Amino acid sequence: MLLPKVQTLTAQGTAREKIDMKRQNGTINLIKFLMAVGILLMHAGMEFGFDRFQGTWIFVEWFYIFAGYCVTKEVVKKSWPTAASAATPAAASAAMTGTTAGAPAEPADPGELTFGILKKRICAIYPYFFVACLLGLVIQLLAGSLVIGSVSDAAPVAAEFLMLQMTGLNLANRGVMGTTWFLSAMWIALALIIPCIAKMKKYYVCVLSLLLALLIYGYLDVTTGYLWSPGSWAGFAAKGTLRAVAALSLGAFSYGLGERLRPILTRPKTESLLLYAAYALVFLFTWRYADSKWYYLIPLLFTVLVAVGMTKQPGWDIPDTKATRFLGKISMLLFINHVYNIYAIQKAFPQWSLPRKMFITLLAACVCMAVSCFGGEALKKLWHSKKNALK
């Protein structure tokens, strides 16, 4: 009689785990959307001539830190299963911090692990990215904000379609889409960081990641005086790639910090309110004090906020609903589809008033988001059908 009961409880636990895996963090999805809107306002201000939202470029660091947290969690799950599959949060924290044996019996090959994670993430994004690039190319050519008159003009465009902008092939050109540098730098940085996480494990996650981020931010601040431009560095590489390495490393440290804090985090209402207040202060600070030297502390604040906010998923009292999932999904589409519209509108209609430009920008971004969404889904279905046909 005991065995069927155990089997029933096991089945219930497995079903509950599957449901939890499908659940999303409603607050994180909302924050992703607000960050994407802030970046849109920053780019619009740069082109249309208002400076109230110049400080929101720092939201790009949040996206990197959040991506670094998620990738580190995946690497730990695949190459460090003792910590990832511990029965209790305390045991997971102990395995993570090295107070118990946390190494797997058969460690995953770092090269295969890196290739598999990058392949999965690039394949998930690229169909939408490709359609957005086509839209950006057509719209900018029609508006005259992008001119391709020679092979030297076409080569950077080809590099951008392959997301190689931050390898040095497209540094002189602001690009077809305007946000490709972010994705290009992320893939390069992840190719460097994932093997370090898999090989050095807790030393990289808990120590080296933070040290590396501080050294890079300090170097960029001393040599350039600012972080926000992803432009050239050392003549052949790109500052955006260094930013990506630093912020993704902070994301790895954020995961390690979250695991250390897990046993003491209970996430009561008051703690959630403190998290909301901290993010509200970040939004206020980026709106008012973008030129302050204290601005460089924001990536460190993001590191703590992501660690605390993600440790107890799903979270922060905002439920996982269709609305929050929708906002989370379109945040990526908004990010990759807004800049080229801003360039084109400013080039084609410089005499328009600011409210009119902003309205058309938002309308064009919504249309292009829809096109890239449906076009990306169609490309994914076509790819899977061809792949199945070959099998």
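How are H2 and H14 oriented to each other? The legends below take up this question first and then turn to other views of the predicted model.

**View 1. Helix H2 alongside helix H14.** In this predicted model, the axes of helix H2 (residues 26–48) and helix H14 (residues 339–348) cross at roughly 20 degrees and come within 10 Å. Since angles under 35 degrees count as roughly parallel, H2 and H14 are therefore roughly parallel to each other. The crossing in which H2 passes H14 is right-handed.

**View 2. Residues in the contact of H2 with H14.** The H2 side of the contact is formed by Leu 40, His 43, Ala 44, Glu 47 and Phe 48, while H14 contributes Val 339, Ile 342, Tyr 343, Ile 345 and Gln 346. Sorted by class, the residues of this contact comprise seven nonpolar, two polar and one charged.

**View 3. Helix H10 within the chain.** Helix H10 (residues 239–261) consists of 23 residues and reaches 33 Å from its first C-alpha to its last, which is close to the 33 Å expected at 1.5 Å a residue. Of the 23 residues of H10, 20 are buried, so this helix is largely enclosed by the rest of the structure.

**View 4. The chain as the setting for the close-ups.** The chain holds 15 helices and two strands, and 47% of its 391 residues count as buried. Among contacts in the chain with a separation of 6 or more, 76% are accounted for by residues 24 or more positions apart.

Note on methods: Residues numbered from 1 in each chain as written. Predicted model: local features only at pLDDT ≥ 70, side-chain atom pairs only at ≥ 80, totals over all residues. Heavy atoms only, no water. Axes fitted to C-alpha atoms, helices over the stretch in contact; angles between N-to-C directions. Helix = DSSP H or I, 4+ residues; strand = E, 2+ residues; numbered from the N terminus. Parallel < 35°, antiparallel > 145°, perpendicular 65-115°, else oblique. Left-handed = near helix turned anticlockwise from the far one by under 90°. Contact = heavy atoms within 4.5 Å. Nonpolar A, V, L, I, M, F, W, Y, C, P; charged D, E, K, R; others polar. Expected span 1.5 Å × (residues − 1). Buried < 20%, exposed > 50% of the residue type's maximum accessible area, 1.4 Å probe, protein only.
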